[in-house]
Amino acid sequence: MRGREMGVIYFDGVCGLCNRFVEFVLRHDLEHVFRFAPLQGKGFRRYAEGKEELSRSDSLVVVWETGESGEEMFVRGQAVLEVLRRLPGYRCLAILLGLLPLRWLNRLYDLLAANRYRLFGKSMSCRKPSGEEQRYFLD
């Protein structure tokens with residue numbers, strides 16, 4: 001890892017699959033490089049303002065703060081790959097998935113995203129972090 005990078009994962013806070021993904025990352029992010037914020041929150045609305053590529057509010061978005069050099073943004077399938085690359089033990093999976101053409105990976109992502117509520121459920125409100133988790137969540 002270069003310097004003191006920090007990634008912010010913007011996720012659908014009412015999606016059962018998205019919340020499971022956040023729990024997975026929390027368990028495996030041993031270096032605590034990720035922070036989390038729901039797409040429904042004020043923080044994401046401020047970040048997305050004026051960014052055309054973020055008009056799809058149901059997409060997973062990962063933003064890397066890279067110190068003085070700025071930021072990198074990843075969406076959909078590429079965002080999943082970026083998260084897996086940063087988790088010990090899952091880098092090989094990221095490499096394997098990365099062999100797929102990005103358009104295929106995004107199609108697979110879109111298919112899953114379109115059916116996520118039906119397959120994994122939907123909460124009435126955004127996920128509330130518990131105790132220790134609170135320090136990893138943004139608004």
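Colleague: A helix here is a DSSP run of H or I with at least four residues, and helices are numbered from the N terminus. With that settled, which residues make up helix 3?

Modeller: Residues 76-86. Keep in mind that this is a predicted model.

Colleague: What joins Glu-82 and Arg-86?

Modeller: A salt bridge between their side chains, at 2.9 Å from N to O. They sit 4 residues apart in helix 3, which means that about one helical turn separates them.

Colleague: Which other residue belongs to that network?

Modeller: Arg-85; shared partners put Glu-82, Arg-85 and Arg-86 into one network of salt bridges. The closest N and O atoms of Arg-85 and Glu-82 are 3.1 Å apart.

Colleague: Is Glu-82 buried or exposed?

Modeller: Buried, because its relative accessibility is 5% and the cut-off for buried is under 20%. Arg-85, at 39%, is partly exposed.

Colleague: How many salt bridges are there in total?

Modeller: The count is 4. One of them pairs Asp-110 with Arg-76, with 2.5 Å between the closest N and O atoms. That pair links distant parts of the chain, since Asp-110 lies in helix 5 and Arg-76 in helix 3, 34 residues apart.

Colleague: Changing topic, how do strand 1 and strand 2 pair?

Modeller: In the parallel sense, over 5 bridges.

Colleague: Which residues of strand 2 are on each side?

Modeller: Phe-34, Phe-36 and Pro-38 are on one side, Arg-35 and Ala-37 on the other, and all are buried. In a regular strand, side chains alternate between the two faces of the sheet.

Definitions and conventions: Residues are numbered from 1 along each chain as its sequence is written. This is a predicted model: local features need pLDDT of at least 70, side-chain atom pairs count only at pLDDT 80 or more; totals for chains, interfaces and linings use all residues. Side-chain values use heavy atoms; hydrogens and water are left out. Buried means under 20% relative accessible area, exposed over 50%, partly exposed in between (1.4 Å probe, protein chains only). Helices (H or I, at least four residues) and strands (E, at least two) are DSSP runs, numbered from the N terminus. Two strands pair if DSSP finds at least two bridges between them.
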